[in-house]
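Please look through the sequence and the structure below.

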Amino acid sequence: MTEVLRNQIAPDAARLAGRTILMSGGSRGIGLAIATAAGKAGANVVLLSKTDTPHPTLEGTIHTAVDQIIAAGGQASAVVGDVRVDEDVQRAVDHAVQTFGGIDIVVNNASAINLAKTDALDMKRYDLMQDINVRGTFLLSKTALPHLRNSEHAHILTLSPPLNLDPKWAGMHLGYTMAKYGMSLTTLGLAEELKDEGVGVNSLWPETLIDTAAIRNLPGGMKMIQGARSAQVVADAAMAILSSNPQNVSGNFFTDGQVLELAGVKDLGKYAINPQIPLVEDIFL
């Protein structure tokens, strides 16, 4: 299978020129890195995000993200809304179609995280993770499906981990694990459901800790990121997947390093924040 994929994962950003991407979240972090890379490739990007006003400690809003994507060379548009709300998701889909003529790619990027143990996780936060991660991924994919079926280059890419049933992950943070694996089950099921319809459905997950503003903002965050890679590693991997033929690349749980190796990237050292520090492996791997 690896050799088959090696022949299919061949980055060609030109394939994304003029394509329309609908992404949940994307105001900052990994989502913004992917959206900016798509803009650089000439794609149209529609962001659905609640981040309408500046956060007290985290830089970036949906509007600054749109500016950054346009500056990179793409077209972009903001839909202020909540991926948990049916009407907001439908409005984002309608806006993408009305503005750019259709939808070619859905990126399920929005996600909530809480690593608390079971007895410390209040149900409000549990529900938030289930609603954003699982329901939001299902809803955005479902709502965009009629338009994806009309595309000649249809992809759904979800930022979720491989379905690793090693009990340690459920035991470490059960609520969060259930929410992220729900996203991955959506990939598994949609890839099978759509296998004869030309829609590529895949998941992507970082192999290492990624340098984001959210990590930097944590206590000790500046020290933590010394063992991280930049968000560009995930963005480059996403571009490789999304520029591939969706009929030949579907049903995979990729890691960023795996994708880039399949794409012929020999040295991932350029993504390290501090090449002198050992990389910190991400969870679920």
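Asp211 and Arg216 form a salt bridge, with their closest N and O atoms 2.7 Å apart. A salt bridge here is a side-chain nitrogen of Lys or Arg within 4 Å of a carboxyl oxygen of Asp or Glu. Asp211 is buried at 15% relative accessibility, and Arg216 is partly exposed at 35%. Buried stands for under 20% relative accessible area, exposed for over 50%, and partly exposed for what lies in between, with a 1.4 Å probe and protein chains only.

This is a predicted model, in which local features need pLDDT of at least 70 and side-chain atom pairs count only at pLDDT 80 or more, while totals for chains, interfaces and linings use all residues. Residues are numbered from 1 along each chain as its sequence is written, and side-chain values use heavy atoms, with hydrogens and water left out.

The chain has 11 helices and 9 strands. These are DSSP runs numbered from the N terminus, helices being H or I with at least four residues and strands being E with at least two. The radius of gyration is 18 Å, close to the 19 Å that the globule rule gives for 285 residues, so the chain is as compact as a globular protein of that length. That radius is taken over C-alpha atoms, and the rule is 2.2 Å times the number of residues to the power 0.38. Along the principal axes, the C-alpha atoms fill a box of roughly 45 × 45 × 35 Å.

Of the 285 residues in the chain, 52% are buried. Among contacts with a separation of 6 or more, 75% are between residues 24 or more positions apart; a contact means heavy atoms within 4.5 Å.

Now back to the charges. Side chains of opposite charge can pair when their charged atoms come close. The structure holds 9 salt bridges, including the one between Arg19 and Asp104, at 3.7 Å from N to O. This pair links distant parts of the chain, 85 residues apart: Arg19 is in the loop between helix H1 (2-8) and strand S1 (20-24), and Asp104 is in the loop between helix H4 (86-100) and strand S4 (105-108). Arg19 is partly exposed at 23% relative accessibility, whereas Asp104 is buried at 12%.

Another salt bridge joins Asp88 and Arg91, at 3.1 Å from N to O. Both residues lie in helix H4, 3 residues apart, which is about one turn of the helix. Asp88 is buried, with a relative accessible area of 16%, and Arg91 is partly exposed at 39%.

Which residues does Thr212 touch, not counting those up to four places away in sequence? They are Gly29 and Ile30. Thr212 sits in the loop between strand S7 (210-211) and helix H8 (213-216), and it is buried at 15% relative accessibility. Thr212 and Ile30 are 182 residues apart in sequence, but their C-alpha atoms are 7.3 Å apart in space.

Most residues other than glycine have a negative phi. Phe284 is not a glycine, yet its phi is positive, at about 80°. Its relative accessible area is 1%, so Phe284 counts as buried.
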